[in-house]
Amino acid sequence: MKATAMAHPIQGLVKYHGMRDDIERLPYHDSISVCTAPSHTRTTVEFSMDHEEDTFIVDGEELDGRAYERVEAVVEKARSKSDAAHTVYPVRLESENSFPTNVGLGSSSSGFAAAAMALAEAAELDASKGEISTIARVGSASAARAVTGAFSHLRTGMNDEDCRSERVPSNLHEDLKIVVGLVPYHKETEDAHREAADSHMFQARNAHIHEQIAKMRDSLRNDDFEGVFERAERDSLSLAATTMTGPSGWVYWQPATLAVFNTVRELREEEDVPVYFSTDTGASVYVNTTEEHAEEVEEAVADCGVSTTVWDVGGPARLLDEDDHLF
């Protein structure tokens, strides 16, 4: 009846944008990402008759409104797949993040992935990672990829059998270092996804994305660092173009974001450093480089006036021991 799980957030490489189904959160097209570690979310869930009602707490704050509804959707998805009698009882869910949230670093992906993993265990589901990814997906499509971890591919589809995440084999995790340039700026990812299809750039992005998915998978399988992260950099520009040309004209990048972009390009073009920038929906920047150049790159990014940290590739969502319960 009680379980705790941990998951790592994702950095989008070929990012999804827009949903054909807002309830099941079925994206218009495929997407590929890489999980980042040691950043993580830890979540404990418990079904119990001792609880008066479903309660969700994240980083010490009880959720309400839309945030509550999104977690409730994941809980109900897990309940619908379970035959365990105790899932009719109210559930308590508590979650803690080890990194800043709502700044473009994928906290919803790790949050819903950890929740889905813990819920599957507490609901006594005999489910594979792919099946659990469909539970996480109704909270955030990116969370499906955080369930399977490392380099993962979420396929589009109209049902759970098709729209689920799978790992893409690659050895790039052995040398990849991700320098994070933190630019704290509030963003509304869900709103951006909701209006993506109203951008005049949307159809062009959709026509372009299928070839990019195929090329990204090939580059990952061939451990082609330049192919993977040059494509991720260009996809970040494509995503932003679609977002900025939607009805609300969302512009998430800040002056510090652009400063990091320029620094990355200078390192690459003038000093021949293998380094590429990437952003999801937000102002913070992922700077992808190799272990050999990580220190040099971090110093250059920090000189842009932003806080930095260096992350590695994270694995799949996993269950933790009873000693790790949050309550």
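Trainee: Hi! How many of the seven residues of strand β12 are buried?
Mentor: Six of the seven residues in β12 (residues 176-182) are buried, so this strand is largely enclosed by the rest of the structure. Buried means under 20% relative accessible area, exposed over 50%, and partly exposed in between, with a 1.4 Å probe and protein chains only. Strands (E, at least two residues) and helices (H or I, at least four) are DSSP runs, numbered from the N terminus.

Trainee: Before I go on, what sort of model is this?
Mentor: It is a predicted model, in which local features need pLDDT of at least 70 and side-chain atom pairs count only at pLDDT 80 or more, while totals for chains, interfaces and linings use all residues. Residues are numbered from 1 along each chain as its sequence is written, and side-chain values use heavy atoms, with hydrogens and water left out.

Trainee: Okay, back to β12. Which way do β12 and β14 run, parallel or antiparallel?
Mentor: Antiparallel: β12 is joined to β14 (residues 285-290) by six bridges. Val180 sits opposite Tyr286 of β14. For two strands to count as paired, DSSP has to find at least two bridges between them.

Trainee: And how many bridges pair β12 with β15?
Mentor: Five, again in the antiparallel sense, with β15 covering residues 307-313. Leu182 has Ser307 in β15 as its bridge partner.

Trainee: Changing topic: which residues touch the most other members of the largest nonpolar core?
Mentor: Val45, Phe56, Val71, Val74, Val91 and Leu119, out of 35 residues in that core. A nonpolar core here is a set of buried Ala, Val, Leu, Ile, Met, Phe, Trp, Tyr and Cys residues joined through side-chain atoms within 4.5 Å.

Trainee: Which elements supply at least two residues of this core?
Mentor: The strands β1 (2-7), β6 (41-47) and β9 (91-97) do, and so do the helices α1 (65-80), α2 (107-122), α3 (129-137) and α4 (141-148). The biggest giver is α2, with ten residues.

Trainee: What does Val74 touch?
Mentor: Leaving out residues up to four places away in sequence, Val74 touches Phe112, Ala116, Leu119, Ile135, Ala136, Val138 and Gly139. Contact means heavy atoms within 4.5 Å.
Mentor: Apart from this core there is another one, of 26 residues, including Leu13, Ile32, Leu105 and Val180.

Trainee: What about the open sheet: which strands form it, and in what order?
Mentor: Six strands make it up, in the order β8-β7-β9-β6-β1-β16, with mixed pairing. At the edges are β8 and β16 (318-319), each of which pairs on one side only.

Trainee: Can you walk me through the pairs? In what sense do β7 and β9 pair, parallel or antiparallel?
Mentor: Parallel, over four bridges, with β7 at residues 55-58. Ile57 has Glu94 in β9 as its bridge partner. By contrast, β1 and β6 pair in the antiparallel sense over six bridges, and Ala7 stands opposite Thr41 in β6.

Trainee: And what do β7 and β8 form?
Mentor: A hairpin with two residues between the strands, where Asp59 in the turn has a positive phi of about 50°. The two strands pair in the antiparallel sense over two bridges, with β8 at residues 61-62. Val58 has Glu61 in β8 as its bridge partner.

Trainee: Where is Asp198?
Mentor: Asp198 is in the loop between α5 (189-194) and α6 (202-221). Its relative accessible area is 56%, so Asp198 is exposed. Asp198 and Ser248 are 50 residues apart in sequence, with their C-alpha atoms 9.9 Å apart.
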